[in-house]
2 protein chains.
Amino acid sequence: MSSLPRSALAGGERSSARFVPADPAKVAFTGGFWESWTRTAREVTVPTQYKRLQEEGFLEVLDFDKPPAPLVRPIQPSGLSMQHFFDSDFGKWIEAASYALKSHPDAEIEAKIDGIVEKLASGQMADGYLNSWFIRREPEKRWTNLRDLHEMYSMGHLLEGAVAYFEATGKRRFLDVMIRAVDHIIDTFGTEPGKLRGYDAHEEIEIALVKLWRVTGDPRHLKLAAYFVDERGRMPSYYDEEARRRGEDPAAYVYQTYAYSQAHQPVREQTRVEGHAVRAMYLFSAMADLACETNDPTLKEACDRLFDNLVGRQLYVTGGLGPSASNEGFTREFDLPNETAYAETCAAVALGFWTHRMAQIDLDARFTDRLETLLYNGALSGISRDGEHYFYENVLESHGQHRRWTWHYCPCCPTNIARLLTSLGQYVYTAKDDELAVHLYAESSAELDVGARFVRLRQETRYPWDGDIRLRLTLAEASRFAISLRIPGWCREARLSVNGEAVDLAAATAKGYARIERSWANGDEIRLHLAMPVDRLYAHPAAGEDAGRVALRRGPVVYCVEETDVGTEPQRLRLSAGAPVEPRFDADLLGGAVVLEGEALEAAASGWGLDLYRTSRPALTPRPFRAIPYHLWANREPGAMQVWLLEA
Amino acid sequence: MSSLPRSALAGGERSSARFVPADPAKVAFTGGFWESWTRTAREVTVPTQYKRLQEEGFLEVLDFDKPPAPLVRPIQPSGLSMQHFFDSDFGKWIEAASYALKSHPDAEIEAKIDGIVEKLASGQMADGYLNSWFIRREPEKRWTNLRDLHEMYSMGHLLEGAVAYFEATGKRRFLDVMIRAVDHIIDTFGTEPGKLRGYDAHEEIEIALVKLWRVTGDPRHLKLAAYFVDERGRMPSYYDEEARRRGEDPAAYVYQTYAYSQAHQPVREQTRVEGHAVRAMYLFSAMADLACETNDPTLKEACDRLFDNLVGRQLYVTGGLGPSASNEGFTREFDLPNETAYAETCAAVALGFWTHRMAQIDLDARFTDRLETLLYNGALSGISRDGEHYFYENVLESHGQHRRWTWHYCPCCPTNIARLLTSLGQYVYTAKDDELAVHLYAESSAELDVGARFVRLRQETRYPWDGDIRLRLTLAEASRFAISLRIPGWCREARLSVNGEAVDLAAATAKGYARIERSWANGDEIRLHLAMPVDRLYAHPAAGEDAGRVALRRGPVVYCVEETDVGTEPQRLRLSAGAPVEPRFDADLLGGAVVLEGEALEAAASGWGLDLYRTSRPALTPRPFRAIPYHLWANREPGAMQVWLLEA
């Protein structure tokens, strides 16, 4: 066991005043939707990902005692090879595995993690520096190019892995290795004379440092995170200086603008979400962490502005984000192409990190609503139903050219979706000294500390297929505190009762959370009913790709039409404005799901001449259609798919 | 003057039996649409392109007496630098300039061409090899990589330039240089023992060789063209062998499939237009040439099949083609994205070469119809109204991000559109011994040899703004022959008369040409009326990007809506099914053009919340709109543009 004074942790003190996420190991999904997905993540995804790391030769980069193998993946125009940041994949995999380990011990997985940790430890330099690429291949280049080479990004992911592994097992070997690496970074970077005033262009370590601080309570760790956030975007740019030191012209930067890394202006002045989507979400997550930990209203305000910009102008209906492959990120506002959507799985996962953090600051459901959207749609679509095939890009339309893959030349997404799923419990419940918040609805049992109280909570529901939720409390003794339940933004008709007695929702609800403060007793029961009709969604008129089109949503689940269900390309279908669309639970569909059924009109090609174009409209003929949850697409026969259906 | 026996040319013999294009120097556009465009091409485009070649350092590659300058443009993943094929730019510029020179002598331009020719001649190797890149930089690599390095492509363009310059001036210096280069190719490639059985992956030299043959009458020149076409796609692939000789794995080919170069199967077996669009069009043009010159029905049949595939499944409504930037070419059938359309100017120009050749074989207007489409739309859009700004990609939709440029890192398009415009007369009229064909309508005067007869033709029309055409003949003496006039495929109501007497069009017309055979006398007058209503075009239902949308066309001209004319993004507009759209000539629009006007509905964003999506439709409010000819777009203020308008 750890000798670290866990009882004296800053995180422990902090928990009384602010919402703290449930320990994912203390939230058990006991059936239904998430039980199936999280079990697969634990039983299939985590072990098969280690296998891929082996098969694909990733782990060889840790063989510090052997000469490095020739590069398989070439150096990109940015100056980066994927292999530069393989360490990040180990970090994320260890993190994902650790969340699973804590509730489901697995000696084999633990031995594999220990193996990676020992290799990392063996390679760590005397001054604490730790990055397998630079140590083995280009030691002279370390810390010479924060703009392109992801050194701290990789260390950040190792650090997150180390914290998670420590929390899961109590073993502190990895944590100590990473604390030494952080000490080295503290010695190297900062505003003090003699230090480099740099910061990594790929944000990540900021999040990791806050996590570390919550474990160690060492103020230097929080301070370093704050330094990186505050320094970002200061002009003249560190990246310009650094490029000149390398003898390069800063103007030759391949991405042309530091907005690519959210480093074009100080973070508090940024008002538009720009650049690489994952970087942006990681930065904003760290900003939310610091806003919370340091009570900095300027960071909260910046996050609020950026969030408004995102949800009002740049977010896919699925919760995906970052439309363009060229910068893996944002372009102009309202640019939301469907078939060429990049919408990287990692970006949706990272939006989850950000929105989750934001929601805790003042319990605001506009953030949790988006968290829920991406969980059921744009992030979950990144992993197959079998738990071992992936999408990097999450398009909203396909002609069948998009298929899930077992691995990727840049495999950042698989471990990201894995760590989201294996830690999912923390997103469902959070608590502070006098309040328990229920953010998401899912069949589950949870053990929670609400201040000094120990509360056991049982949630029974078929959500997201059905909007009826029953919560039952187990308490040692009656106690006054509040329970806040999110009333989803998609819901236009909700009913809430406690022990059969109706609660006045309008009076009880603020910022999307219904707050019930009372003396709770053992066996108390809360019932929540969320009416779940089929919604037709319309996009803002400036989003031209969706003009004249409709997306179907029921509850938090966005739907799509797949060719295999309708026998024609969904692109040929049109949905009449008034046509009824009915939900039906299909137990045979990929583990069971509610599908939507109705009649559409199909544009027929019959009678079409040799020419692609003619002067008369195609005839429209009725055709039954079925829509399935978007997250389930591309799990059956290849074929066309569409989220935004043309309205007739 | 040339000492080549021009009277003994094969081309001379050939002209009696087959349609031969008018000498562009003998067709004068005397006013109206093409007078303006072709004069600008001659007076602005040709001279400014030479200036660009100078300013951008292209001409320096011909300084064989100096060491080569460091590369500015990097070697691409394909192994190719743009500089590899700068020779092609000189060739195309000389060709474009030569067509203009013949009718409009210009000593300054001629001196510039002579300067380039002398430099080329000075660099030519003793064995005839001529390619500035390989001679100066990588002589050891010559003929080692026909798959990637464009050696014959570059020589082909030089050869076309040499033929055009010889025909314009009678000077044979350049032609002789290139004949020596061709001799070297004949010595090097072919089926004979000891020769390489290779062919260039970028087709082009095949076209040039046929042109050369028409000038020299040397059967080896036609035979070499036929060899390259016949050899293409033979398995096992020459490119595989060649890669192995270089010590490379053929499977590592960056484009993955030889369909990229139409070399995946023998040309006569190809049924789908695939790969790089310009390559495909150059190949098919050469196939049409050979089908015509060698009376090879198998080549004609292959071309017919490929043409059906193109116009039925892969051609933009503008005549643009090749939707994807990644292979500069074709993807799946019916993949016609509008905003990301690649639709390279060169590809549309080259489709012009192909369709023009096909139309002459048996006077079939389905080819000429497409030629006309690209001339007024998808090719002409590649050059600005001022004649010195260009588009490489011709998108059918924009949010204002697409602007014309003065030069391009790969400047193949400017000289291609230039050579099309300076030689435009040849596309208007062709003739054989007993027949004169009028393919296009344009205010013009022409001097034509119809067999032994000399015919002067005066065409008066405001086409394409108006469908009334008057043709008057000047003949030394009355003579019996046929005049065939194309009745455009877009026209649903035509009237034809000779000296005021109606011609029964249904009886006279075959394959889209109305043929009037009679004894023609001096002063005879033909009148043709082509009704020109505004057409609404609909795309085949499989072209999902255009589903529910309409394109406006009047006569041969396709229209678009630009933001500057409607004060809103055209993506917000919807056109009601029955709404009237009226043509009006606007003399102030970029030299004068017919615009289309009417009332559309605008999707309003007022009342929209913070979220991009909502459950109610946007309100639609009436808004006047104006559409302009697509070829005129992006000549005024930047802004959004759309060809395919949503139908309400």
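Good morning, colleagues. I shall begin with the confidence of the prediction. The predictor assigns the complex an ipTM of 0.94 and a pTM of 0.93. For chain A the mean pLDDT is 95, and 97% of the residues of that chain reach 70 or more. One stretch of chain A requires caution: over residues 1-15 the pLDDT stays under 50. For that stretch the model has 17 contacts beyond four places in sequence.

Let me turn to the relation between the chains. Two copies of a chain are related by a rotation about an axis and a shift along it.

I now move to the domains within a single chain. The domain assignment of chain A gives domain 1 as 6-429, domain 2 as 433-530 and domain 3 as 534-647. How far apart do the C-alpha centres of domain 1 of chain A and domain 3 of chain A lie? They are 35 Å apart. The contact between these domains takes 23 residues from domain 1 of chain A and 27 residues from domain 3 of chain A. On the domain 1 side, α14 (365-376) and β3 (397-399) of chain A each supply at least two residues. The residues of that side of domain 1 of chain A, the one touching domain 3 of chain A, divide into seven nonpolar, eleven polar and five charged.

Next, a helix in chain B. Helix α11 of chain B, residues 277-293, has 17 residues; at 1.5 Å a residue it should span 24 Å. Its end C-alpha atoms are 24 Å apart, which agrees with that expectation. Is this helix mostly covered or mostly uncovered? It is mostly covered, since a residue counts as buried if 20 or more other C-beta atoms lie within 10 Å of its own, and 16 of the 17 residues of α11(B) are buried. Just after α11(B), Asn295(B) takes a positive phi of about 50°.

That brings me to the backbone geometry. Most residues other than glycine have a negative phi, and most peptide bonds are trans.

Ala343(A) is not a glycine, yet has a positive phi of about 40°. This residue is placed in the loop between α12 and α13 (345-362) of chain A. Ala343(A) is buried, because 30 other C-beta atoms lie within 10 Å. In chain B, Ala634(B) has a phi near 60°, again a positive value in a residue other than glycine. Ala634(B) belongs to the loop between β22 (620-629) and β23 (640-642) of chain B, and with 22 C-beta neighbours inside 10 Å it too counts as buried.

As for cis peptides, one joins Met235(A) and Pro236(A), with omega about -5°. Pro236(A) lies in the loop between α9 (219-231) and α10 (238-245) of chain A. Another joins Tyr463(B) and Pro464(B), with omega about 10°. Pro464(B) is found in the loop between β7 (453-461) and β8 (468-475) of chain B.

I close with one further loop residue. Asp127(A) sits in the loop between α4 (107-123) and α5 (132-136) of chain A. Is it buried or exposed? With 12 other C-beta atoms within 10 Å, Asp127(A) is exposed. The C-alpha atoms of Asp127(A) and Asp187(A) are separated by 9.5 Å, although these residues are 60 residues apart along the chain.

Thank you for your attention.

Conventions
Residues numbered from 1 in each chain as written. Chains lettered and ligands numbered in written order. Predicted model: local features only at pLDDT ≥ 70, side-chain atom pairs only at ≥ 80, totals over all residues. Helix = DSSP H or I, 4+ residues; strand = E, 2+ residues; numbered from the N terminus. Expected span 1.5 Å × (residues − 1). Domains from an automatic or database assignment. Contact = placed C-beta atoms within 7 Å. Nonpolar A, V, L, I, M, F, W, Y, C, P; charged D, E, K, R; others polar. pLDDT = per-residue confidence, 0-100.
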